Structures are given as structure tokens and as C-alpha cells.
Amino acid sequence: MIKKVKFKTFKDLKAQVLRSGLTLPEFLKNYEAVNQGITVEEAEKRMKLRLNVMKKNIENGLKHPNVSRTGLTNGGAYKVKEFFENKGALLLSSEFTEVIMNTLAVSETNACMGRIVAAPTAGACGVLPGALLTIAKHKNISVERLVDALFVSGGIGEVIGKIASLSGAKHGCQAEIGSATSMAAGAIVSIFSDDIDAIESAAAFAMKNLLGLVCDPIGGYVEIPCIKRNVSGAFNAISSAEMALAGIRTVIPFDEVVLAMKRIGEKMSPTLKETAEGGLATTPTAKELVKRIKSG
Ligand code: SF4
């Protein structure tokens, strides 16, 4: 068991992991246990509960069309599933289609007020399970390894939270979907490799790809564009992970990428930070939709 530790940056975290002789997931499990004052077994048990919520979200989210109170969410996951069952994968492989429907299933559950795991936020909750659990299913990954991967995603999220934030209201959607994709990319790599540099690179690629992404939900409801952004986030995570696993390394360290995200977020107009006063939220169609929702 490690002693009580703190880390503020990925560089910090990496140095402590290397000193400890543990792998990143082992270190983060111990870190969680020490800082929460619980055993490693209890920390694993709690993470497994979160994993089970994610699995249920996918299962239940595909059982029937999910329709939200506003009507902005209208059974997208179910539609993709039905199409897939009747006609098979349309463009690429079944795995590709499953990432889409699984991610939609989780995000739509959130839009319909179901219980989800905010990873790192409710609006971005589909990215991690959509990407990670679909890969896990097709690669026969054990529950234990998945639990370990969730600790890695948590560690990456913690670094982002400490350097910048995980809030769309503070730094735009790059801090929400961007963070979720970094967390998912690093988690995916950790399933296949203990190489901490590969994990860092995947997280950095994912965030770099979404720098500047604004938060502009129609009517302030976390539905459009959030739900489909989760899908693109899931694919961003997978492609980032694959590049890192193939040996490509980030030129800009993850900490600096996150710092850039913070600086961009600070320069972003407040109209593009969850206020629904800019971007897609102010298109004529969006305004019309909001009027219709409000008039019942
Ligand atoms: S657009 Fe805003 S509310 Fe929607 S997922 Fe992104 S940060 Fe969250």
C-alpha cells in the first residue's frame, strides 16, 4: 500500500507511479483507497458498482425508444439498434455500429433523467462506456481489467480537474466531451498496455482533437448537440487509443494540452459556455424548438 499522496499533473502522477514500482491502475487503486480511508478491495467494489451502472445503461437504453420530456431526444439508440438487427452494419463493422448505439443508449438515459455515471459529467456520460464497454465485449476483457481501466480514467479526469476544469460552464464543451474522450482513450490503452507514455499520448491526442469545442446546448437542455457529440467523442477516444497503442507519441505533453484547453476556455465568450446564448442554441430552428417546448 502506498502512503497518502497527491498529484497535480500527469507528470507528477507518472513520476510517483514509476517510483512506486506499480502499474498506473495499481497505483490509482491504492491512491483511491488511501485517500478515501478504505481498503483497495472496497475501492474496487465501488468502482465495480459504477461499471454495473454503465452496463445497465446500455442494456436498458436499447430496450425501447428513449424519449425525453422535451422531445429533443427521440429514440436514436433504438433506431440504430433496429436498423443494425434488420440490415446489419451499414458502413463499417458491427463493432463500429455498436459503439454508436451503446454511446447513444447511455447519453439518452441521461437525457431521460435515468441514473448514469458522470464520467466526468452527465452531459459527457456516454463516451467512456460507449467506447470502453464495446471494445471490452469484442475483446473478451475481464471485469477486473475493466475496473482497473476505470481507475485510469478517473486519474486522467483528476489531472484535468486540477489543471483546468471538467465544466462546460467554465471552459466549454472541450472540458466535458474533451475530458471524457481523454479519460476513455487512456482507459482503453490501459487494457492492452501498461506503458504510461502510451496512456498519456492517447489522452493527449483525444483532448487535442477537441480543443476549442464550445458548449451550446439548445435551450440549455443537455440533449442537442450533447448526445451525438458523445458518439463522436467515443470514436475520437478509440482512434486516439489505437494510434497510441501503435507507438505514436504525443509531441505536446498531456499537462500542456490541458493547460491550452484552460487558456482557450478562459478566452471563450460566456455565450458559448452553457448559457444557451450562442452557437447552435441561437439558430432560428433552435429558438423555434425552445418556444414550442416552453409553450407545452
Ligand atoms: S454542449 Fe455543453 S452541456 Fe452539452 S455535453 Fe457539451 S459541455 Fe455538456
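**Exercise 1. Determine how helices α6 and α11 are oriented relative to each other.**

Solution. The model is predicted: local features require pLDDT of at least 70 and side-chain atom pairs pLDDT 80 or more, whereas totals for chains, interfaces and linings use all residues. Residue numbers start from 1 along each chain as its sequence is written.

Step 1. Two packed helices are described by the angle between their axes and the distance between the axes. Helices (H or I, at least four residues) and strands (E, at least two) are DSSP runs, numbered from the N terminus. Axes are lines fitted to C-alpha atoms, for helices over the stretch in contact, and angles run from 0 to 180 degrees between N-to-C directions.

Step 2. Helix α6 covers residues 127-138 and helix α11 residues 226-245; the two pack at about 45°, with axes 8 Å apart.

Step 3. Angles under 35 degrees count as roughly parallel, over 145 as roughly antiparallel, 65 to 115 as roughly perpendicular and the rest as oblique. Helices α6 and α11 are therefore oblique to each other.

Step 4. Residues are in contact if their C-beta atoms, placed from the backbone, lie within 7 Å. V127, G130 and A131 of α6 meet N230, G233, A234, A237 and I238 of α11. This contact of α6 with α11 has five nonpolar, three polar and no charged residues (Ala, Val, Leu, Ile, Met, Phe, Trp, Tyr, Cys and Pro count as nonpolar, Asp, Glu, Lys and Arg as charged, and the others, Gly among them, as polar).

**Exercise 2. Describe the crossing of α10 and α11.**

Solution. Step 1. The axes of α10 and α11 come within 8 Å and cross at roughly 140°. That angle makes α10 oblique to α11.

Step 1. The α10 and α11 crossing is right-handed.

Step 2. On the α10 side stand A198, S201, A202, F205, A206 and N209, which meet N236, A237, S240, A241, M243, A244 and L245 of α11. By class, the contact of α10 with α11 comprises nine nonpolar, four polar and no charged residues.

**Exercise 3. Classify the packing of α3 and α5.**

Solution. Step 1. Helix α3 (residues 40-61) and α5 have axes that come within 8 Å and cross at roughly 95°. Helices α3 and α5 are therefore roughly perpendicular to each other.

Step 1. M54, N57, I58, N60 and G61 of α3 meet N102, A105, V106, E108 and T109 of α5. The contact of α3 with α5 divides into four nonpolar, five polar and one charged.

**Exercise 4. Locate the cis peptide bonds at P120 and P225, and the positive phi at N140.**

Solution. Step 1. A119 and P120 are joined by a cis peptide bond with omega of about 5°. P120 lies in the loop between α5 (94-111) and α6.

Step 1. I224 and P225 are likewise joined by a cis peptide bond, with omega of about 10°. P225 is in the loop between α10 (196-209) and α11.

Step 2. N140, a residue other than glycine, has a positive phi near 55°. N140 is placed in the loop between α6 and α7 (143-163).

**Exercise 5. Characterise the surroundings of the ligand.**

Solution. Step 1. A residue is near a molecule if its C-beta atom, placed from the backbone, lies within 6 Å of it. The ligand is surrounded by 13 residues, the closest being G123, G168, C173, C215 and C226.

Step 1. The shell around the ligand divides into seven nonpolar, two polar and four charged residues.

Conventions: Contact = placed C-beta atoms within 7 Å. Left-handed = near helix turned anticlockwise from the far one by under 90°.
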